[in-house]
Amino acid sequence: MSMEHACPCTAKCPLQRAMEAIGGKWKMAILCSLSISGTVRYNDLKRKMQGISNTMLAKSLKELEEDGLVKRTEYMEVPIRVEYEATQAAASLKPIILELAKWGKGLG
């Protein structure tokens, strides 16, 4: 049996699913910001994410919401107010994120 077929990550595995949910350039930064700031309006979040386009922020937030990591609340006011916050599922990532940060410091 070749190594390719022996690797559990060649098929859809939990690690691969996790990386799809939080991977990419911006998702971890968004989750980190929301976990620190709490509930945030879209424009406030955009200001904190220096260099992100409106399209990428909206896409990332939508994907995080679909994966149950971000809660979006829309208030029917004029103008419409939209707020985002990290869910309990996202909060459960905090110890893992802190460990990854420690590991990243050791890389140089």
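The largest pocket is lined by 13 residues, with Leu31, Cys32, Ser35, Lys94 and Ile97 lying nearest its centre. A pocket here is an open set of points on a 1 Å grid over the protein atoms alone, where a 1.4 Å probe fits, with protein on both sides within 12 Å along at least five of seven lines; lining residues have an atom within 4 Å of a point. This is a predicted model, in which local features need pLDDT of at least 70 and side-chain atom pairs count only at pLDDT 80 or more, while totals for chains, interfaces and linings use all residues. Residues are numbered from 1 along each chain as its sequence is written, and side-chain values use heavy atoms, with hydrogens and water left out.

**Largest pocket**
- Its volume is about 210 Å³, meaning the space filled by probe spheres set on the grid points, which are joined across faces, edges and corners.
- α3, α6 (88-91) and α7 (94-105) each supply at least two lining residues.
- α3 gives the most, with five residues.
- The lining divides into nine nonpolar, three polar and one charged residue. Ala, Val, Leu, Ile, Met, Phe, Trp, Tyr, Cys and Pro count as nonpolar, Asp, Glu, Lys and Arg as charged, and the others, Gly among them, as polar.

**Second largest pocket**
- This pocket has a volume of about 170 Å³.
- Its lining includes Leu15, Met19, Gly23, Met28, Ile96 and Leu100.
- α2 and α7 are the elements that give two or more residues to this lining.
- The largest share, four residues, comes from α2.
- By class, the lining has nine nonpolar, two polar and no charged residues.

**Overall fold**
- The protein chain has seven helices and three strands. Helices (H or I, at least four residues) and strands (E, at least two) are DSSP runs, numbered from the N terminus.
- Along the sequence, the pattern is α-α-α-β-α-α-β-β-α-α.
- Of the 108 residues in the protein chain, 25% are buried. Buried means under 20% relative accessible area, exposed over 50%, and partly exposed in between (1.4 Å probe, protein chains only).
- Among contacts between residues at least 6 apart in sequence, 42% join residues at least 24 apart. A contact means heavy atoms within 4.5 Å.

**Nonpolar core**
- The largest nonpolar core has 20 residues, and those with the most contacts inside it are Ile30, Leu31, Leu45, Leu61 and Leu69. Such a core is a set of buried Ala, Val, Leu, Ile, Met, Phe, Trp, Tyr and Cys residues joined through side-chain atoms within 4.5 Å.
- α2 (14-22), α3 (27-37), α4 (42-48), α5 (54-66) and β3 (81-86) each give two or more residues to this core.
- Leaving aside neighbours within four places in sequence, Leu61 is in contact with Ile30, Tyr42, Leu45, Val70 and Tyr84.

- Glu83 is buried, with a relative accessible area of 14%.
- A polar contact of 2.8 Å joins the side chains of Glu83 and Arg81. A polar contact is a pair of N or O atoms within 3.5 Å; within protein, one must be able to donate a hydrogen and the other to accept it, and residues adjacent in sequence count only if both atoms are side-chain atoms.
- The Arg81 side chain also makes a polar contact with the Glu77 side chain (2.9 Å).
- Pro79 sits in the loop between β2 (70-75) and β3.
- The peptide bond from Val78 to Pro79 is cis, with omega near -5 degrees.
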